[in-house]
Amino acid sequence: MKNIKDFIGKKVLTFDGAMGTQIQALSIPDSAWQGNEGCNELLNTTFKDGIIKIHSSYAKAGANIIKTNTFGAI
């Protein structure tokens, strides 16, 4: 199957969960925030191992669709 339309109607699709609460559970070094605490999107580049850990845990739990960590990005 090449895209999401191929899946619709053939199986129940599950999404990942709340990104913010998973980020809050991480031990994030102050340096990763670069003075912008609360800007979770910044962590995509400054603490990518933590973001990868979250996304990987959703994949291991069986999520079919994993959204990016860009909720507040413009």
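What covers the buried residues of helix 5? The exercises below begin with this question.

The model is predicted: local features need pLDDT of at least 70, side-chain atom pairs count only at pLDDT 80 or more, and totals for chains, interfaces and linings use all residues. Residues are numbered from 1 along each chain as its sequence is written, and side-chain values use heavy atoms, with hydrogens and water left out.

**Exercise 1. Describe helix 5 and state what covers its buried residues.**

Solution. 

Step 1. Locate the helix. Helices are DSSP runs of H or I with at least four residues, numbered from the N terminus. Helix 5 spans residues 48–60, 13 residues in total.

Step 2. Check its length. The expected span is 1.5 Å times one less than the number of residues. From first C-alpha to last, helix 5 reaches 18 Å, close to the 18 Å expected.

Step 3. List the buried residues. Buried means under 20% relative accessible area, exposed means over 50%, and partly exposed lies in between (1.4 Å probe, protein chains only). In helix 5, G50, I51, I54, H55 and Y58 are buried.

Step 4. Find how they are arranged. Viewed down the axis of helix 5, the buried residues fall within an arc of 135°, so they line one face of the helix. The arc is taken from the directions that run from the helix axis to the C-beta atoms.

Step 5. The face of helix 5 turned away from its buried side carries the exposed residues D49, K53 and K60.

Step 6. Answer the opening question. The cover over the buried residues of helix 5 includes helix 2 (19–24) and helix 4 (43–46).

**Exercise 2. Determine which residues make up the largest nonpolar core, and which element gives the largest share.**

Solution. 

Step 1. Apply the definition. A nonpolar core is a set of buried Ala, Val, Leu, Ile, Met, Phe, Trp, Tyr and Cys residues joined through side-chain atoms within 4.5 Å.

Step 2. Name the members. The largest core has 12 residues: M19, I23, L26, I28, A32, W33, L43, F47, I51, I54, Y58 and A63.

Step 3. Assign them to elements. Helix 2, helix 3 (30–33) and helix 5 each give two or more residues to this core. The largest share, three residues, comes from helix 5.

Step 4. In soluble globular proteins, nonpolar side chains tend to be buried together.

**Exercise 3. Trace the contacts of I51, M19 and N69.**

Solution. 

Step 1. Contact means heavy atoms within 4.5 Å.

Step 2. Begin with I51. I51 belongs to helix 5 and is buried, with a relative accessible area of 6%. Leaving aside neighbours within four places in sequence, I51 is in contact with M19, I23, L43, N44 and N69.

Step 3. Continue with M19. M19 lies in helix 2 and counts as buried at 14% relative accessibility. Not counting residues up to four places away in sequence, M19 touches I51, I54, H55 and N69.

Step 4. Finish with N69. This residue is in the segment after helix 5 and counts as buried at 6% relative accessibility. With neighbours within four places in sequence left aside, the contacts of N69 include M19, I51 and H55. The side chain of N69 also reaches the backbone oxygen of N40 at 2.9 Å.

**Exercise 4. Identify the salt bridge of the structure and place its two residues.**

Solution. 

Step 1. State the criterion. A salt bridge is a side-chain nitrogen of Lys or Arg within 4 Å of a carboxyl oxygen of Asp or Glu.

Step 2. Search. The whole structure holds one salt bridge, in which the side chains of D16 and K67 meet (2.3 Å, N to O).

Step 3. D16 is in the loop between helix 1 (4–7) and helix 2, whereas K67 is in the segment after helix 5; the two are 51 residues apart and link distant parts of the chain.

Step 4. Compare accessibility. D16 counts as buried at 10% relative accessibility, while K67 is partly exposed, with a relative accessible area of 42%.

**Exercise 5. Describe the backbone and surroundings of Q34.**

Solution. 

Step 1. Q34 lies in the loop between helix 3 and helix 4 and is exposed, with a relative accessible area of 52%.

Step 2. Although Q34 is not a glycine, its phi is positive, about 50°.

Step 3. Not counting residues up to four places away in sequence, Q34 touches L42 and T46.

Note on methods:
A polar contact is a pair of N or O atoms within 3.5 Å; within protein, one must be able to donate a hydrogen and the other to accept it, and residues adjacent in sequence count only if both atoms are side-chain atoms.
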